[in-house]
Amino acid sequence: MPETKSQHYVPRFLLKHFCADGKTIAVTDLKTKNKYKTNIINVAQENRFYDLKTMNGDISLEKQFAGLEDKTAPIIDTIVKTESIGWLQDNDKRVVEDFILCQFYRTRKYVNHVKNILQTNNLHLFDLHGPDGNIKKSFYCDDVNIDDNFARVMSYNSLYDIEHDNVIRDAIASMEWVLFKATGKQIFITSDNPTVLNNHLAFMEDNGKTSGFDLPHSQIFLPISSKLILVLTAKVMAEEAKIRLIKMMMAGLPVVISDAFRCSVTGEAGSCPDALVKVFNESQRHNAERFIYGNDK
């Protein structure tokens, strides 16, 4: 194993856009209610968070995550600078989609979620096969020590499976992208678990059979600065909105093209009033494991 060092599960290239000076961030501890300011080096990180003990020896996933961050950072930086996603090429979107998936599964909250499931359910984990290919032994949760290391291994295995699931990848690739800009007094906040997967039909359709990303009315919210939030909307929802618009026009009704619809075409940032900023911020508070970052009023 490499020497002990802090490893961020929310990257600094994202956190810096919520700082007035690019390095000092306001923190709210939802557990203790304490508020303070600190360097982004000190938040959303744990020592050796990506260093794992596996049956095949000790490994570290830090380089893999760092490689994706190196590709994503200049894209996010340019979106923040231009306040537009209209310039994005397909390859740029694929990188951001990879980052969104990675960010969803790499946090402390998700690891704790996996650990809780494994500790409370005697689920089938894996099979040990003999030389003839037949199963020698099946392992269940009760057969292994469900510690934090094991939960992290299983979390990153989930990420690997999702990354290679064509149904989920196709669902995300077909989503409509909209960039919103806070235009009032309120600003966006982020958290220690910033990728919000929202589905207004809840997950009663899910029954544990999907990741949620591939449900027909899913949305992804990712604040990328104190002024900007990236929203990805499922293809079905976007098409339903377009159909409603066409029906209104065919009926001769007065139509006002929504800011979100216009911005989905042009790529420029749409206006996000204080009331909607508060909705997005509340989703961050609800999704957080413990900490809110940014100006949490």
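At what angle do the axes of helix 3 and helix 5 cross, and within what distance do they come? Select both: the axes cross at roughly 155° and come within 9 Å. Helices here are DSSP runs (H or I, at least four residues; strands are E, at least two), numbered from the N terminus. Axes are lines fitted to C-alpha atoms, for helices over the stretch in contact, and angles run from 0 to 180 degrees between N-to-C directions.

Before going on, note that this is a predicted model, where local features need pLDDT of at least 70, side-chain atom pairs count only at pLDDT 80 or more, and totals for chains, interfaces and linings use all residues. Residues are numbered from 1 along each chain as its sequence is written, and side-chain values use heavy atoms, with hydrogens and water left out.

Helix 3 and helix 5 are therefore roughly antiparallel to each other; angles over 145 degrees get that name, under 35 is roughly parallel, 65 to 115 roughly perpendicular, and the rest oblique. Now show the side chains of Leu 101, Cys 102 and Tyr 105 in helix 3, which make the contact with Ser 155, Tyr 156, Ser 158, Leu 159 and Ile 162 of helix 5. Contact means heavy atoms within 4.5 Å. This contact has six nonpolar, two polar and no charged residues. Ala, Val, Leu, Ile, Met, Phe, Trp, Tyr, Cys and Pro count as nonpolar, Asp, Glu, Lys and Arg as charged, and the others, Gly among them, as polar.

Helix 2 passes helix 3 in a left-handed crossing. Among the residues in contact are Phe 65 and Leu 68 of helix 2, and Val 95 and Phe 99 of helix 3.

Look for Arg 94, Glu 97, Asp 98 and Leu 101 in helix 3, meeting Arg 169, Ile 172 and Ala 173 in helix 6.

Last stop: select Leu 52, Thr 54, Val 153, Tyr 156 and Asn 157, which lie nearest the centre of the largest pocket, out of 26 lining residues. A pocket is an open set of points on a 1 Å grid over the protein atoms alone, where a 1.4 Å probe fits, with protein on both sides within 12 Å along at least five of seven lines; lining residues have an atom within 4 Å of a point. Helix 5 gives the most to this lining, with nine residues.

Note on methods
Left-handed = near helix turned anticlockwise from the far one by under 90°.
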